[in-house]
Amino acid sequence: MTSYLITGVAPLGGDPTDILLADGVIAAMGSDAAREALARDDVVTVAGAGLVALPGLVDTHAHLREPGREDAETVETGSRAAALGGYTAVHAMANTDPVADTAGVVEQVFRLGQAAGWVDVHPVGAVSVGLKGEHLAELGAMAGSAARVRMFSDDGACVHDPVLMRRALEYVKAFDGVIAQHAQDPKLTQGAQMHEGVVSSELGLTGWPAVAEESIIARDVLLAEHVGSRLHVLHVSTAGSVEIIRWAKSRGIAVTAEVTPHHLRLTDEYVRSYDPVFKVNPPLRTAADVEAVRQGLADGTIDVVGTDHAPHADEDKDCEWAAGANGMLGLQTALSVVQETMVDTGRMSWADVARVMSGKPAEIGRVADQGRPLAVGEPANVTLVDPNATRTIHRDELASRARNTPYAGMVLPGAVVATFLRGRATVLDGALNR
Amino acid sequence: MKHLLSAADLSLAEALTILDTAESMAQTQSRQMKKLPTLRGRSVVNLFFEDSTRTRISFEAAAKRLSADVINFSAKGSSVSKGESLKDTAQTLNAMGIDAVVIRHHASGAPHRLAETDWIDVPIINAGDGTHQHPTQALLDAFTMRRYLCGARDGAPAADGTTLEGLTVAIVGDILHSRVVRSNVDLLHTLGAEVVIVGPPTLIPVGAQTWKARISYDLDEVIRVDRPDAVMTLRVQRERMSGAGGGYFPSPQEYTRAYGLDAERLAALQDHAIVMHPGPMNRGLEISAAAADSPRSTVLQQVANGVFVRMAVLYLLLASDEGLEA
């Protein structure tokens, strides 16, 4: 197996050093690295000057669409996008067709991920049978399967029945699982098309009020407290949600929260174009909400950045707004958006980025060999990013099968130069490396 | 301007150009021979994804009186869930070489998509999109107000350049779901009128505080204090009385008591004030028969004026070198 000597790279943006990746682990760092590399055959040197080394990124939230919508994405194409985006592990959401609500489906997705080999694919299991919110799916069977599922979610739909939510939270304690909630009161959002506020009132689009998210989060943190379970809140999008989670954490409730890159970067003003590429659920919110989720991410109220990578075929986006599907691509642009909104603004360090995009996501998903520190003996899951690069996003140049990026034509900072999965380079010089 | 998508896009000069041109069109329509050769050889498609006999016929009459060929395309019942339908239809029409599209669609923003995508490249005229805009309705309403509330106030043609400066217009009813009100607020503001929107709080959108209109929940107070020159009542759809949460208001009776334009409220209006309605009316709900049939009512004049305004829009977008630029 090829070993990699990365020279002069800045771990977490700190002082430059050398890192040797060999035998699937970080074999040496500092002055030892070059010396140990000499003792080995088949060593490739990677010039790391000017680059930042991060632990391989871990996504808590991606839609890989397989099985069922292979016209939009497959595990293979989504994994490629993930590797190019600096990821070494992704959680694949359960809203496939068939739904990932049995051991059979989660094992299928897990094996497709292994066969693709670009990143570790950790299937998320559905909370309820068919995502219908009526009966618990066989959570224990999924947890005990080869896929070792620990995160369960009906994402795309909310577990709105409070009794079912309580049962789910309690049940997964048996195997240290977590319920990842898509917080959306279905009745308050019937027919909803965009954030309810000034812009929706002008555009004549049915509103998705912030309270529909916040009321579910408020209920769920209280349920989690009552039964002593772990709750993870997906795609927090409103200022009010951040406040509720901050309060819950101050009470010691075991809640974690996620924000998406697009909720850090885009507002409902983009909807004025009526271009469904900006249609997403939860919807793009106001500038005040964007500021609140940035603040929440910076101060630790929000634990992780999850992409909510949601590929959709052209025919589901090249249409009128009401007919458009919800969701946008995210895996290949997430790190750049976090750099632009959080690092380049001075709100977070690269060590913070490693925490919110690698360490915490692995911890929430109970993925033991990911999200580890950059230290000798740790698994060689490493991402190299050039923070001084800039790139223009082109919808036809992304690895995903679908093209629904909201950033087309925008210039974003930062570029992933290399990604290593257990010492194997999945990306080198910014390109896939087989 | 190549398209007419939203009343908010119209500058004062552009709005006056359309209204003045509509007066010129109106003059030609008092002749026995109403047909003008202006758009001979041009074809206009009425692309209606939603039922609206009145608006379609009005556009059809306008186009035909300008000698255009009119193709009516009714896609009633076509599902929103398959978005290809709008794109495919637009591309099909483009391939057939038509010259303009008049579109009515249940999805807010559908005309914008036609105008901004590469699906089709002809002038797009919004004939009502979802709960967003219905700019020709606002134009015909303004045209009517110029005739009945400005100058001699007798319905005679308005002088070129007449604005609505100094007038107060109350728009009453289902503000939340109304494209008529959104277009009217934009255009009336541009033309210098004050607008008060009135309705139960459940039917006023969150966010409307930023509109160029005042908000009131009390029609009687508006009539007494604001002394409106025009009261425009909006149709209240029966389906607003059911659905999520059991409906937007408790009962039709309660709605009528608070917001219906009944004989008593009619009598409280200023002498010169007019009563408007975009039609079709629910007599006995938002408007009483007394108001609908009173001499103050301009409901039928609005219908007649709609043809003049639509002739003007078609002319300016298709035949005039200046387009809508004033």
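The legends below describe close-up views of a predicted model.

**View 1. Domains of chain A.** Chain A is divided into two domains, with domain 1 covering 3-52 + 377-432 and domain 2 covering 56-365. The centres of domain 1 and domain 2 of chain A, taken over C-alpha atoms, are separated by 26 Å. In the contact, domain 1 of chain A is represented by 29 residues and domain 2 of chain A by 39 residues. On the side of domain 1 of chain A that touches domain 2 of chain A, β16 (382-392), β17 (411-421) and β18 (424-428) of chain A each supply at least two residues. Of the elements on that side of domain 1 of chain A, β17(A) gives the most, with seven residues. By class, this side of domain 1 of chain A has 18 nonpolar, nine polar and two charged residues.

**View 2. Strand β1 of chain A and its partners.** Strand β1 (residues 3-11) of chain A runs parallel to strand β4 (residues 43-47) of chain A, and five bridges join them. Among the residues involved, A:Leu5 has A:Thr45 in β4(A) as its bridge partner. With strand β2 (residues 17-22) of chain A, β1(A) pairs in the antiparallel sense over four bridges. Here A:Val9 has A:Thr17 in β2(A) as its bridge partner. β1(A) and β2(A) form a hairpin with five residues between them, and A:Leu12 in the turn has a positive phi of about 50 degrees. β1(A) also pairs with strand β5 (residues 52-55) of chain A, in the parallel sense and over two bridges. In that pairing, A:Val52 in β5(A) is the bridge partner of A:Ala10.

**View 3. Five-stranded sheet of chain A.** An open sheet of five strands in chain A has the order β9-β10-β13-β14-β15, with parallel pairing. Its edge strands are β9 (151-152) and β15 (304-305) of chain A, each of which pairs on one side only. β9(A) and strand β10 (residues 178-181) of chain A run parallel and are joined by two bridges. A:Phe152 has A:Ile179 in β10(A) as its bridge partner.

**View 4. Helices α5 and α7 of chain A.** Helix α5 (residues 162-171) and helix α7 (residues 210-227) of chain A have axes that come within 10 Å and cross at roughly 45 degrees. Because of this angle, α5(A) is oblique to α7(A). The crossing in which α5(A) passes α7(A) is right-handed. From α5(A), A:Pro162, A:Met165, A:Arg166, A:Leu169 and A:Glu170 meet A:Arg219, A:Asp220, A:Leu223, A:Ala224 and A:Val227 of α7(A). The residues of this contact of α5(A) with α7(A) comprise six nonpolar, no polar and four charged.

**View 5. Contact between chain A and chain B.** Chain A places 21 residues in the contact and chain B places 24 residues. On the side of chain A that touches chain B, helix α6 (residues 198-203) of chain A gives the most, with four residues. The residues on this side of chain A divide into eight nonpolar, seven polar and six charged.

**View 6. Domains of chain B.** The domain assignment of chain B gives domain 1 (7-133 + 303-318) and domain 2 (135-298). Taken over C-alpha atoms, the centres of domain 1 and domain 2 of chain B are separated by 25 Å. The contact takes 28 residues from domain 1 of chain B and 23 residues from domain 2 of chain B. On the side of domain 1 of chain B that touches domain 2 of chain B, at least two residues each are supplied by α1 (12-28), β4 (124-129) and α11 (299-318) of chain B. α1(B) provides the largest share of that side of domain 1 of chain B, nine residues. The residues of this side of domain 1 of chain B divide into 15 nonpolar, eight polar and five charged.

**View 7. Five-stranded sheet of chain B.** In chain B, five strands form an open sheet in the order β7-β6-β5-β8-β9, and the pairing is parallel. β7 (214-216) and β9 (274-276) of chain B are the edge strands, each pairing on one side only. From one strand to the next, the twist averages 20 degrees. Strand β5 (residues 168-172) and strand β6 (residues 194-198) of chain B run parallel and are joined by five bridges. B:Val169 has B:Val195 in β6(B) as its bridge partner. Helix α5 (residues 135-149) of chain B lies across β8 (230-233) and β9 of chain B, and runs at about 165 degrees to β9(B).

Terms used
Residues are numbered from 1 along each chain as its sequence is written. Chains are lettered from A and ligands numbered from 1 in the order in which they are written. This is a predicted model: local features need pLDDT of at least 70, side-chain atom pairs count only at pLDDT 80 or more; totals for chains, interfaces and linings use all residues. Axes are lines fitted to C-alpha atoms, for helices over the stretch in contact, and angles run from 0 to 180 degrees between N-to-C directions. Angles under 35 degrees count as roughly parallel, over 145 as roughly antiparallel, 65 to 115 as roughly perpendicular and the rest as oblique. A crossing is left-handed if the near helix is turned anticlockwise from the far one by less than a right angle, and right-handed if clockwise. Two residues are in contact if their C-beta atoms, placed from the backbone, lie within 7 Å. Ala, Val, Leu, Ile, Met, Phe, Trp, Tyr, Cys and Pro count as nonpolar, Asp, Glu, Lys and Arg as charged, and the others, Gly among them, as polar. Two strands pair if DSSP finds at least two bridges between them. Domain bounds come from an automatic or database domain assignment.
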